[in-house]
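Here is my note on the model, as numbered points. Please read it beside the coordinates.

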Amino acid sequence: MKTKLRILVFANLFLLITSCQKKKENIEYENRVKVLLNKYDLSVLPDNYKEKTLDTVYLYLLKHENDSINRNLLFKVANKYYALNKFDKYLKVTKKVKEFASEKKDTSHMAKSLYFLGEYYEDKAQFDSSFYYYNQSEKLYKNLKDTLNSGRIALYKGGILFDSGNFTESETGAVNALKLLSKTSNTRLVYESYNLLALSLKELNNFEESLKYFDLALNQLQPLENEDYPKDKLVKSRISCFNNIGRVYEKQRNYKKAIVYYEKGLALQDLKLNYPKSYAMLLDNIAYSKMKEGDFKDIDRLLFESLKISDSLDITQGIVSSKINLGEYYLYKKDTTQGLTYITEGFKLAKKIKAGPFIIRSLKLLTENDSKNKNYYSILYIKINDSIQNVERMTRNKFARITYETDQIEEKNEILSNKNTNIILGSGIIIIFLGVFFAFYRLKSKNKELLFIKEQQEANERIYQLMLVQQSETEKARSDERNRIAMELHDGIVNSIFTTRFNLIQLDPNALDKKEQLVKELEKTENEIRQVSHDLTQNLLFEDKSLPEIIITLVESQQNQYNTRFDVSVDKYIDWSLVSSHNKIHVYRIIQEAIQNSNKYSQAERCYIMLLKTGDKITIRVWDNGIGFNAEKVKYGIGLKNIKDRTKSLNGDLKISSNSEKGTTIEVVF
């Protein structure tokens, strides 16, 4: 008994000594590597020697045991490679740590390695890959209840969504990050969350909320200063906040307020000397706001100085912005040739760097001011604008898909894990109790079969009901389509033929027989199509690419027996990109029908068509000085009925006023 006791004591003592010795060796090993890496930090050797030192340390660590100490040291090596801009080696080391962490089922190091991978791909501007790794890392940190890192990655994901143009999701990401980070003591990340949220709200045109969060971001800089945060980073943050607040007021067209904040940024000490890029940006922005405010003093000097600095620093976006602003400045000064030259240069450079907002802005200015190439730029504007929208839509779908697929992978892993556990437990139970539960199993299987048959019958019944609903919806769609075609036949083809008939009447009087024959044929066609219109009660598809141009062409082609003079005015401040194609069709048809009624009945000397921007609404106004009619007593024909129906589709208001003294005015506001 005593002998056994002695053996047990000696065994425990041996294990304790071995454990202590191993722990001592690990500490010594960790200290040796740390000393080597610290010497590397203090080294004044060239980068290629530093890289070789890191290569040696990395190979040394690979030979050591895969434990948490070794993985932490590998993370340090990865960071050193990153500082040397050796991104391929940074990626290689990070993937190796991820592999080691996976082998040991170390969730913390798995999350950290995934976060490192997300950073790598973000720096490479491969946002889909970056978002994927951040997403996986975030889920692991949430499982670990690591609030700081969960908030950090939520913030970085929001930043990727913002850079990709998905501002709604970016706002959500920033809010989620703020909820987590406000519980931590990390002042800088809280500042970045406020800033991202403010930027997202600015792009979503929620200006009041955007300004509120920019103020919170500015207030957050004082605690950072108290924490001895690097001074140059604080200055850059202040510049960024002042500039962004100015841009918000600029979008609100409150240019005076925008100028105040740009001046605050320019007032920062030694800005031009220490932060020339920011200085050039603020000069460009303040010049633009002053120009929009109508203050042209020193505008050209400010813009040329900004352009010169951007050019010397090779800041392509700054060059593009300055050139477009210079072009707009010369247009204000009525120097169209010089203005178009700068805008064209800005457009070409914007295309080269694929700067979507600058491309759209320059094309809009060229479309409005280059009369010679108006059609070309107009078509290009629509094409590029549609292309940018498609890319943004695909990007949004891509990130949504990444999130969904990550959730699916996690769910499948959980299901597989549960299945493995259930298989082991189930197998043991089945082996032990197979004989006892055999009869019960057979009965349960039979019940499941009956339940399955019942569910199948119920499913078939639901499918049949869905088919009936679908058939009803199909019939409704057909009816709606017939109504649309009839309206379009009346508004489009009939009106075009009517106009052609009057144009033919004005032709060479010598070809009387031919003219009379053509007129009769057109009248016959007109009557037949009117009959089809009344039978079908619906509209042909109308495609609009440049609505103002099409309306001008429509008005210029008008001619009637009363020699009515037709004029048109389209407000250049109307942003037609905000009007859907479907609504553009209604606008065009309303104008076409109103002109047609004037041609037929008014006997007017003048007819004036106006499209006006009134606040956040568009007003269509068609006026003639003809004989007028009693708007209250007149019987609504299909033409006036169509105008009324189209106004209703626009969610607009229709007003018709007419008398013999003032003529007739048809006004639609939507």
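1. Buried means under 20% relative accessible area, exposed over 50%, and partly exposed in between (1.4 Å probe, protein chains only). By that cut-off Cys-607 is buried, at 0% relative accessible area. Cys-241 counts as buried too, at 0%. The structure holds zero disulfides, a disulfide being a pair of cysteine sulfur atoms within 2.5 Å.

2. Some ground rules. This is a predicted model: local features need pLDDT of at least 70, side-chain atom pairs count only at pLDDT 80 or more, and totals for chains, interfaces and linings use all residues. Residues are numbered from 1 along each chain as its sequence is written, and side-chain values use heavy atoms, with hydrogens and water left out.

3. Next, the cores. A nonpolar core is a set of buried Ala, Val, Leu, Ile, Met, Phe, Trp, Tyr and Cys residues joined through side-chain atoms within 4.5 Å. The largest has 90 residues; Leu-74, Val-77, Tyr-81, Val-93, Leu-155, Tyr-213 and Ile-245 touch the most other members. Helix H9 (residues 187–203) gives the most to this core, nine residues. Helices (H or I, at least four residues) and strands (E, at least two) are DSSP runs, numbered from the N terminus. Another core lies apart from the largest one, with 27 residues, including Leu-554 and Phe-566.

4. Then the sheet. Five strands form an open sheet with mixed pairing, in the order E1-E2-E3-E5-E4. Strands pair if DSSP finds at least two bridges between them. E1 (565–570) and E4 (653–659) are the edges; each has a single partner strand, so one side of each lacks a neighbour in the sheet. E4 and E5 (residues 663–669) pair antiparallel over seven bridges. Asn-659 stands opposite Gly-663 in E5.
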